[in-house]
Amino acid sequence: MNALATGAADAIEIRNLVKRFGAFTAVKDVNISVPAGSFLVLVGPSGCGKSTLLRMLAGLEGPSEGEIAFVGQTVSSGAGGVIADAGRRNAGLVFQSYALWPHMTVAGNIAWPLKVARWPREKRDHRVKEVLALLGIGALAERYPAEISGGQQQRVAIARTIAPEPSILLFDEPLSNLDAKLRIEMRSELMRIHRATGATSVYVTHDQVEAMTMATHVAVLNNGRVEQFGKPIELLRNPATTFVATFLGTPPANLLPARRVGETFVFNDTPLAPGSIAPGHGEVQLLYRAEGVSVGAVADKPSVTARFAEAAPIAGRTMVTAMLGELRITGMAEGYFSAMPGDPVTLSFIRTPDAVFAVSGERITQ
Amino acid sequence: MTFISTFAPSGGRRLLRSGFVMPAILVAIVAILVVAPLVRILLSTLTPAGIEAWQAVLVSPLSFNLWWRPLFNTMVLGFGVASGCLILGGFLAWLVVLTDVPGRRVLALMGTLPYMIPSFAAALAWGTLFRNSRLGGSAGFFETNGLAIPDWLAWGLVPTAIVLIAHYYSLAYTIIAAALSSVGADLVEAGQMAGAKRPRIFFGIILPVVTPALIAAASLTFAGAVANFAAPALLGLPVRMQTLSTRLFGMIETGQNERGFVLALLLIAVSALFLWMSDRLVSGRKAFVTVTGKGGRTKRFPLGTWRWPLFAVAVTIGLLTTVVPVLVLAASSLAPQSGALFSNWTLHFWIGEGGGEIAQGQAGIFRNPVLIDALWNTIRLGLVVALTTMLLGLALAYTIVQRRGSLLATILSQLAFVPLLVPSIAFAAAYIALFGAPIGPLPSLYGTFALLVIAASAHNLPFAVQSGRSVLGQISADIEESARLTGAGLLRRLFAIIFPLAIRGLFAGAILVFVKMVRDLSLVVLLFTATSPVLSMVAYRYAAEGFMQFANAITLVILIVCLAASFLAHGLQNRVQKWKES
């Protein structure tokens with residue numbers, strides 16, 4: 001709420017951030033900034049440095065190089081270490097393990113940070129009731145953390161974090177310990193809370209679906225580096241690298257290696273695209289989304305024959321995956337489709353490639 | 001782990017019976033081992049002679065000396081030792097687990113060692129250094145070297161408490177350290193995020209979370225101190241400082257069995273009362289389960305300039321309670337004059353022939369047939385008790401786990417934990433009450449090796465059941481069932497799956513029982529006779545008669561046996577379960 005009021009400066013600005021643990025570099029030269037009220041999702045496979053980045057934002061780790069600024073105020077830097085303490089940067093963190101204090105009741109857990117912040121008793125009690133109601137856990141106030149379920153613990157952890165009204169909310173894979181149904185429920189819940197509090201949020205996950213549904217801004221991390229940063233639709237539409245292209249999106253997109261033969265790019269003897277899409281390149285990788293690959297032969301469109309592997313019905317259509325040697329190709333069939341594993345399936349490429357990448361993985365702009 | 005159902009189709013009836021026979025046998029064993037002695041000792045004090053003893057102890061001119069004074073001393077010792085242990089053990093645990101003190105592994109190891117050293121070793125070492133000439137006999141090291149030692153530091157409550165703290169603080173350390181390392185870094189960091197400063201986090205989060213462990217540590221060290229016999233006997237008896245356990249020993253030794261039994265019951269009541277109260281305090285909703293974070297990470301606070309000074313303090317504590325007593329004992333066993341520890345060293349007390357001027361002509365311990373006998377007896381006792389204890393523990397744990405929720409399981413597990421509430425010397429008294437006289441056609445077991453084994457097995461029962469359960473806990477039902485789905489028979493599963501997984505736990509438990517038995521004094525002190533001597537008893541006798549060098553030498557032998565067993569166990573463990581090397 002406070003953050004919305006402030007003007008020009010971005011709510012979070014990360015400049016040239018580097019974090020080294022001994023010889024290992026966990027975070028490499030990260031630059032991200034988001035305006036107040038954004039929902040930034042850091043997404044990537046495990047070990048990509050996203051949690052380290054979040055802990056630096058929280059002030060639990062100091063950066064090795066670079067700077068973090070909240071609303072124009074430098075809170076951490078490589079030179080100065082943790083300048084503003086974890087508790088003094090008006091940020092709250094929801095831990096993956098929830099980190100509820102086992103010796104305090106639910107209400108006690110929520111009230112303690114307020115006590116530390118010297119809120120007067122009346123205001124404190126009022127606020128505890130308010131967040132309990134916001135999360136729908138008023139009935140649990142006098143229980144101990146060990147006496148409630150995982151989903152309820154999750155709600156308590158969120159309530160505890162938002163109680164002091166921080167202007168920045170940090171989430172460390174908060175839904176990873178919940179079952180699939182609860183996860184979808186809590187996802188909407190978190191978005192509701194984000195809207196209700198207006199706090200700028202940073203959310204770490206390895207689940208690209210969470211990233212795509214919740215984010216206003218997404219940073220895809222891989223090996224400590226930001227592969228691409230932008231709005232979710234932008235990343236889907238214009239992936240900068242093969243990593244982003246294959247990591248985001250459901251169903252996963254196909255990447256076919258192709259070789260230039262004369263004026264055409266050829267994949268396994270099948271001519272796919274004109275050579276003009278990547279002038280000067282001998283070998284490229286062509287990106288086809290599943291919706292650009294049709295099951296069955298289509299007149300005038302290039303096609304390959306692969307071995308059927310699996311099929312999954314999605315919204316009236318069927319997502320079909322087939323193997324061509326070691327390569328998985330996913331396409332869509334109209335209606336329901338099924339076959340025996342190993343059966344030959346014809347896959348047609350009904351659109352031009354959605355993107356073209358160099359062998360090294362970078363996008364070749366057309 | 002349900003073996004029975006496998007066989008159900010073929011031999012259902014037979015197994016139905018064995019499914020009943022086994023628990024019935026176990027109930028009978030536990031009843032004989034635990035319930036019978038306690039009932040018997042209670043009944044013995046309800047006879048006319050017993051009632052008289054109650055009156056003598058509680059309401060008579062004698063009762064001040066028989067009961068109130070020893071009770072007061074016992075309480076002072078209990079509270080003193082418990083608080084000392086909490087301070088020392090808590091300090092070390094905090095240092096090792098929650099700070100960036102250098103040499104953490106070394107400190108952690110040093111924190112666990114004193115418990116391996118028998119408390120009478122520390123008591124003997126204290127005597128060797130601090131003994132003063134008030135009681136005649138040769139003075140200790142300090143006084144001989146011109147440092148006058150006041151009585152309160154040489155004898156009585158203060159040195160007894162110090163020696164017991166030096167012994168039991170490592171128990172407190174182990175419990176508190178385990179609790180502290182269960183406080184996940186996330187809990188602390190959540191506090192930091194709330195803006196709390198270090199003291200606030202310590203008192204607001206860490207301390208409350210480990211409070212149950214602190215209470216457990218306090219009550220266990222309290223019970224240990226109250227039950228201890230060796231330290232007050234060696235350092236207190238010469239100046240007539242009596243605790244309940246030494247009083248109890250004195251009564252039975254002088255043939256006043258009924259009074260001894262009354263004191264034993266009172267001692268049990270005192271010890272059980274405190275253990276029960278502490279259990280009340282930490283049970284129920286307050287027994288929080290900590291949800292640990294990623295990989296059980298713990299937060300280590302930087303100590304800054306205090307790193308090395310605090311390290312030095314911790315190392316000093318460790319050295320004073322482990323290395324120094326052992327060195328003192330070793331030097332003393334070589335020095336002909338007990339005050340001059342480091343001069344005229346001789347091997348006389350170890351291997352010397354008798355008849356000389358030293359030690360009133362007594363031969364060295366390795367020429368003493370009683371000692372060789374005692375050494376053999378002690379090792380035999382340790383091995384036999386380790387075996388019976390672990391077998392019994394496994395059988396009990398298996399029955400309890402399998403019949404979880406049934407009345408039988410509840411009764412068995414409750415009964416098996418009763419000896420925890422009974423100080424070992426009182427337990428020994430109960431065994432005298434039961435087996436001191438022939439029972440029907442059975443001869444009196446008093447003074448036999450068998451009685452030692454039975455009493456020791458019963459005394460170790462709580463530990464045995466606990467380690468049996470943890471061993472069984474290592475083998476999840478899934479593992480056993482997946483082996484069964486491959487079609488492997490019971491024996492095959494037993495040898496290929498269960499045994500390899502259980503062996504390490506069984507072995508570790510057996511070694512602990514062995515060490516406990518080898519260094520035990522308070523249980524054997526009443527049950528021992530000339531026909532079944534054990535090392536600790538021989539050492540105690542020598543010390544009581546003033547032959548300190550002999551006593552110290554035998555104590556060293558005990559230490560060496562214990563250490564050898566521990567090292568052997570460590571070596572073997574890594575050999576049997578290679579995948580668990582740590």
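At roughly what angle do the axes of helix H9 and helix H10 of chain B cross? The views below, taken from a predicted model, take up this crossing and then the chain around it.

**View 1. Helices H9 and H10 of chain B cross at roughly 135°.** Helix H9 spans residues 185-193. Helix H10 covers residues 198-227. Their axes come within 10 Å. An angle over 145° would count as roughly antiparallel, and 65 to 115° as roughly perpendicular. H9(B) and H10(B) are therefore oblique to each other. The crossing of H9(B) over H10(B) is right-handed.

**View 2. Residues of H9(B) meet residues of H10(B).** From H9(B) come B:Leu187, B:Val188, B:Gly191 and B:Gln192. From H10(B) come B:Ile201, B:Gly204 and B:Ile205. This contact holds 4 nonpolar and 3 polar residues. No charged residue takes part in the contact of H9(B) with H10(B).

**View 3. Chain B is built with 26 helices and 0 strands.** Its radius of gyration is 25 Å, close to the 25 Å that the globule rule gives for 582 residues, so chain B is as compact as a globular protein of that length. Along the principal axes, the C-alpha atoms fill a box of roughly 75 × 75 × 50 Å.

**View 4. Inside chain B, 47% of the 582 residues count as buried.** Which share of the contacts with a separation of 6 or more joins residues 24 or more positions apart? In chain B, such residues account for 75% of those contacts.

Technical notes
Residues are numbered from 1 along each chain as its sequence is written. Chains are lettered from A and ligands numbered from 1 in the order in which they are written. This is a predicted model: local features need pLDDT of at least 70, side-chain atom pairs count only at pLDDT 80 or more; totals for chains, interfaces and linings use all residues. Helices (H or I, at least four residues) and strands (E, at least two) are DSSP runs, numbered from the N terminus. The radius of gyration is taken over C-alpha atoms; the globule rule is 2.2 Å times the number of residues to the power 0.38. A residue is buried if 20 or more other C-beta atoms lie within 10 Å of its own, exposed if 12 or fewer, and partly exposed in between; C-beta atoms are placed from the backbone. Two residues are in contact if their C-beta atoms, placed from the backbone, lie within 7 Å. Axes are lines fitted to C-alpha atoms, for helices over the stretch in contact, and angles run from 0 to 180 degrees between N-to-C directions. Angles under 35 degrees count as roughly parallel, over 145 as roughly antiparallel, 65 to 115 as roughly perpendicular and the rest as oblique. A crossing is left-handed if the near helix is turned anticlockwise from the far one by less than a right angle, and right-handed if clockwise. Ala, Val, Leu, Ile, Met, Phe, Trp, Tyr, Cys and Pro count as nonpolar, Asp, Glu, Lys and Arg as charged, and the others, Gly among them, as polar.
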